[in-house]
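Please look through the sequence and the model shown here before reading on.

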Amino acid sequence: MAIPTQPGEHFTGHGAEWRDAKLSPEDARTATAWVEQRIDKRSMLTTKQRVEDVRDIMWQLEKDGEIVVHRITDGHAPVVAKTLYGWDKRIPTQRLWHHKSCGQCGNIPGYPASLLWLMNQLGIEYLDETDQTSCTAWNYHGSGIGNIESLSAVFLRNFHQAYVAGRAEGLPDGHYYPLVHCGTSFGNYKEVRNYLLHSATLRERVRKVLAKLGRLVDGKILIPEEVVHYSEWLHMMRERVASIQTIDCSGIRATIHPACHVYKMVPQDVIYDDTVMEGNRVAVSTGLMETLGAQVIDYSTWYDCCGFGFRHIISEREFTRSFAIDRKIRVAIDEAHADVMIGHDTGCITTLDKNQWIGKAAGKEVDLPVLADCQFAALVCGAHPYKIVQSHWHASSTETLMEKLGIDWRAKKAEFVAYLDEVKAGRQENLYDPRRMITSGPGYIPIARAS
């Protein structure tokens with residue numbers, strides 16, 4: 001822990017100020033016991049004197065003519081979820097615009113591939129185009145170089161693109177609604193939306209930036225009715241996902257890692273369900289795994305961060321590695337005897353999966369498969385474990401998990417190797433029509449829409 005020793009010393013969150021507090025094992029246990037005693041209950045988050053629903057401000061600003069709201073319409077087939085305080089949150093299930101994750105596409109390609117595969121199986125209309133930027137939140141949280149104006153401009157620019165993306169297909173503005181893949185982007189965008197709704201000065205500064213980019217609607221900034229994470233869509237679609245399930249997973253012991261950026265940032269916006277862990281935990285991932293029939297097993301450090309922490313992974317990497325192994329993976333193995341750990345955020349999956357090698361290097365080997373909820377769902381619905389789930393990208397082994405699910409991974413790997421020869425020969429398979437990835441500029445090839 002960090003201990004101030006000089007007058008005026010402040011904490012940067014990393015670096016030389018981190019020194020051993022020399023707590024005894026008993027004192028260390030006492031210092032963290034409150035997590036297990038109190039944070040386990042929703043009361044920890046619901047006893048604040050005042051919690052604001054910023055959507056009230058949003059509707060008033062639209063009424064006053066200051067902003068335009070990208071609304072969720074009946075065409076998006078919304079379903080209503082309940083958030084922490086029992087407020088309604090409408091989750092669109094159709095006509096989705098995929099806001100992809102830089103970390104998923106670069107480190108865990110089976111993550112977005114599994115989500116698109118599930119949508120294909122369920123007949124979901126979506127657009128997966130290339131006209132998108134990173135949310136830049138990693139830079140902001142990891143280095144402090146970013147600022148709220150740049151974050152706001154990126155947020156509004158990307159969501160404006162989602163709003164107008166259908167034009168290339170002759171569709172009206174707002175046809176597609178953004179679905180955010182990354183938990184970091186999700187938490188960042190919700191915070192940024194709050195800042196924008198509260199600050200007229202920020203809105204005006206960002207409006208000038210967006211005007212230069214041609215990213216205004218009738219001269220106004222466009223703000224989404226809801227910021228929606230893919231895990232929320234998956235939670236609301238869990239019964240339909242289970243309806244196409246082909247593999248029995250009732251023998252699988254699963255532990256859940258809830259992502260800090262998904263449910264600790266702007267917590268009042270997050271889905272809770274009284275049928276999932278008695279409403280005491282965020283419902284996403286857990287609800288899906290229970291619906292698929294897996295055994296969701298609790299463990300004492302479920303609330304802990306994965307160890308990524310943005311700055312930790314940059315400047316205190318050994319802290320990240322030891323935290324991920326000793327506070328998460330090892331506990332899930334020793335306490336829950338887990339077969340798999342399930343998450344719903346890019347950084348968490350990367351940290352918990354790809355740092356397991358360090359335990360082996362240190363002579364403290366651990367091996368626990370770590371998958372995103374959509375990867376596990378796709379796997380038990382019949383997706384190819386290498387073509388779609390792309391388990392070979394994971395540092396933790398998945399073969400034992402597949403054996404417990406009755407999947408012949410050796411045969412599947414042989415199929416995948418043969419498929420790679422097909423790809424080399426130019427005969428690749430596509431989840432998605434590549435012509436639809438470009439919706440603007442000279443490279444766009446119009447596609448006739450089915451009536």
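The chain has 20 helices and 11 strands, where helices (H or I, at least four residues) and strands (E, at least two) are DSSP runs numbered from the N terminus. This is a predicted model, in which local features need pLDDT of at least 70 and side-chain atom pairs count only at pLDDT 80 or more, while totals for chains, interfaces and linings use all residues. Residues are numbered from 1 along each chain as its sequence is written, and side-chain values use heavy atoms, without hydrogens or water.

Of the chain's 451 residues, 52% count as buried, a term that means under 20% relative accessible area with a 1.4 Å probe, protein chains only.

| Helix | Residues |
|---|---|
| α8 | 183–198 |
| α9 | 200–213 |

The axes of α8 and α9, which are lines fitted to C-alpha atoms over the stretch in contact, come within 5 Å and cross at roughly 105°. The two helices are therefore roughly perpendicular to each other, the word used for angles of 65 to 115 degrees. Their contact (heavy atoms within 4.5 Å) is made by Tyr195, Leu196, Leu197 and His198 of α8 together with Ala200, Leu202, Arg203 and Val206 of α9.

As for α8 itself, 13 of its 16 residues are buried, and the helix is mostly covered. At 1.5 Å a residue, its 16 residues should span 22 Å, and the end C-alpha atoms are 23 Å apart, which agrees; the expected span is 1.5 Å times one less than the number of residues.

How values were computed
Buried means under 20% relative accessible area, exposed over 50%, partly exposed in between (1.4 Å probe, protein chains only). Axes are lines fitted to C-alpha atoms, for helices over the stretch in contact, and angles run from 0 to 180 degrees between N-to-C directions. Angles under 35 degrees count as roughly parallel, over 145 as roughly antiparallel, 65 to 115 as roughly perpendicular and the rest as oblique.
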